[in-house]
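Me: I'd like to learn how to read a model like this one, step by step. Could you walk me through it?

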Amino acid sequence: MNYGEAQSAESMKDFVHKLQLVLKELRETFVNLRILYRAKLFKNKSTLILALKENNELIAIMVRSIQTSQKRLKN
């Protein structure tokens with residue numbers, strides 16, 4: 001993920017941009033995990049479900065972080 005890069009952003013605008021890239025990657029990962037689930041391409045269903053849940057939680061965290069950072073940019 002690019003989260004490490006976001007932590008060393010050069011400005012708040014750069015930070016938001018990098019978080020948006022992280023969010024994009026997380027959403028792509030979520031879609032890929034759903035494809036694996038629907039196609040039954042897994043050995044352990046509970047592990048895949050856990051990965052989907054954790055990925056969704058990370059998406060929620062990134063969305064909130066982006067919203068908070070964008071508010072700070074406006075102030």
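This is a predicted model: local features need pLDDT of at least 70, side-chain atom pairs count only at pLDDT 80 or more; totals for chains, interfaces and linings use all residues.

Me: Let's begin with secondary structure: how many helices and strands does the protein chain have?

Reply: The protein chain has 3 helices and 0 strands, and read from the N terminus the order of elements is α-α-α. With a radius of gyration of 15 Å, well over the 11 Å that the globule rule gives for 75 residues, the chain is more spread out than a compact globule. Along the principal axes, its C-alpha atoms fill a box of roughly 45 × 20 × 15 Å.

Me: What share of the 75 residues is buried?

Reply: Here a residue is called buried when its relative accessible area is under 20%. In the protein chain, buried residues make up 23% of the 75. The accessible surface is about 5700 Å², and carbon and sulfur atoms account for 54% of that.

Me: Now a single residue, please. Where is Ser69 placed, and is Ser69 buried or exposed?

Reply: Ser69 sits in helix H3, which covers residues 45-74. Because its relative accessible area is 4%, Ser69 is buried.

Me: Which residues does Ser69 touch, leaving out those up to four places away in sequence?

Reply: Those are Met12, Phe15, Val16 and Leu19.

Notes. Residues are numbered from 1 along each chain as its sequence is written. Side-chain values use heavy atoms; hydrogens and water are left out. Helices (H or I, at least four residues) and strands (E, at least two) are DSSP runs, numbered from the N terminus. The radius of gyration is taken over C-alpha atoms; the globule rule is 2.2 Å times the number of residues to the power 0.38. Buried means under 20% relative accessible area, exposed over 50%, partly exposed in between (1.4 Å probe, protein chains only). Accessible areas come from the Shrake-Rupley method with a 1.4 Å probe; for residues, only the protein chains shown count as cover. Contact means heavy atoms within 4.5 Å.
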